[in-house]
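Open the model in your viewer and keep the selection panel at hand. We will go stop by stop.

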Amino acid sequence: MKQLRPGDRVLVSCISACGKCRYCRETRFGQCIGGGGWILGHNIDGTQAEKVRVPFAETSTHPIPSGIADEDFLMLADILPTAYEVGVLNGRVSPGDVVAIVGAGPIGLSAIVGALLFSPSHVVAIDLADARLDAAEQFGADVTVNNGREDALSIVQGLTGGLGADVAIEAVGAPATFELATELVRPGGHIANIGVHGTPATLHLETLWTRDVTITTGLVDTYSTPTLSRLLGTHQVDAARFVTHHFDFEEFVKAYEVFSNASETGALKVVLAPTA
Ligand SMILES: [Zn+2]
């Protein structure tokens with residue numbers, strides 16, 4: 001039975017789900033083998049247009065509850081569920097944990113938001129850019145480390161009696177940051193990789209093999225989107241602060257310039273919307 005109706009206000013998720021294949025039945029929509037998965041803007045056209053064809057729309061869109069602004073809900077299209085599922089939940093963030101987040105771009109900031117839902121004792125944000133660390137502080141990180149001039153490992157060890165972080169979340173996607181995440185974690189801890197890696201990173205099994213660590217990777221499944229939707233509704237998650245810039249559909253090039261020069265413009269997320 002079809003539930004979507006013309007005029008419905010819905011979120012188009014970054015992940016499409018056929019709803020029928022083995023992975024969809026396991027709520028691993030990112031791995032859909034029935035024609036869905038990460039297809040929008042990847043295998044087929046993306047969504048930066050006035051009109052978009054959405055395959056499997058019944059199982060791939062989410063109704064936007066009344067009272068939540070379009071652009072707040074927009075952050076549930078990708079970054080918030082990605083950081084929550086692949087970083088926070090895969091990393092098993094638990095009350096009292098020390099959580100080290102390597103990278104304070106939009107995904108790292110989303111990981112801070114998600115981690116704070118579990119009452120960690122410390123959230124340590126690590127980045128090379130002071131502007132991003134300022135943002136991390138505003139998003140709730142209580143310790144910020146510029147690892148261009150500070151030693152992240154000794155700071156994390158100082159917070160944990162020399163042990164290391166309970167959870168290290170990699171939110172950059174570079175060899176050096178992945179290796180840093182594996183150094184920061186305590187024996188028995190979790191390393192959750194969110195970063196999109198384009199080149200090989202070294203896995204130092206010669207030091208890690210005795211340390212009982214768990215390393216997880218993942219493409220977002222978006223199974224948490226309904227949960228995050230409720231948390232937006234109760235204001236336990238504040239998505240509005242991700243949006244730093246607004247542009248009209250006539251200003252795509254300018255919007256991309258602002259977004260790609262984030263260190264100068266302070267851009268986190270830019271919203272492109274047609275003027276009504
Ligand atoms: Zn499927």
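The tour below goes from domains to sheet to helix pairs.

Before you start, note that this is a predicted model: local features need pLDDT of at least 70, side-chain atom pairs count only at pLDDT 80 or more, and totals for chains, interfaces and linings use all residues. Residues are numbered from 1 along each chain as its sequence is written.

**Stop 1: the domains.** Select 10–79 + 223–238 for domain 1, then 92–216 for domain 2. These bounds come from an automatic or database domain assignment. The domain centres, taken over C-alpha atoms, are 27 Å apart.

**Stop 2: the sheet.** Show the strands in the order β5-β4-β3-β6-β7-β8. These 6 strands form an open sheet with parallel pairing. Strands (E, at least two residues) and helices (H or I, at least four) are DSSP runs, numbered from the N terminus. Two strands pair if DSSP finds at least two bridges between them. Now select 143–146 (β5) and 214–216 (β8). Each stands at an edge with a single partner strand, so one side of each has no neighbour in the sheet. From one strand to the next, the twist averages 15°.

Zoom in on β7, residues 185–193. Its link to β8 is parallel and consists of 3 bridges. Find A192; opposite is T216 in β8.

**Stop 3: a helix across the sheet.** Select α5, residues 106–116. Helix α5 lies across β3 (98–102), β4 (122–127) and β6 (165–170). Its angle to β4 is about 175°. Axes are lines fitted to C-alpha atoms, for helices over the stretch in contact, and angles run from 0 to 180 degrees between N-to-C directions.

**Stop 4: α4 on α5.** Show the contact residues (C-beta atoms, placed from the backbone, within 7 Å). Among them are L80 and Y84 of α4, and I107 and A111 of α5. By class, the contact has 9 nonpolar, 4 polar and no charged residues. Ala, Val, Leu, Ile, Met, Phe, Trp, Tyr, Cys and Pro count as nonpolar, Asp, Glu, Lys and Arg as charged, and the others, Gly among them, as polar.

**Stop 5: α7 on α8.** Select 152–159 (α7) and 175–184 (α8). Their axes come within 10 Å and cross at roughly 25°. That makes the pair roughly parallel (under 35 degrees). A152, L153 and V156 of α7 meet L180, E183 and L184 of α8. This contact divides into 5 nonpolar, no polar and 1 charged residue.

How values were computed
Contact = placed C-beta atoms within 7 Å. Parallel < 35°, antiparallel > 145°, perpendicular 65-115°, else oblique.
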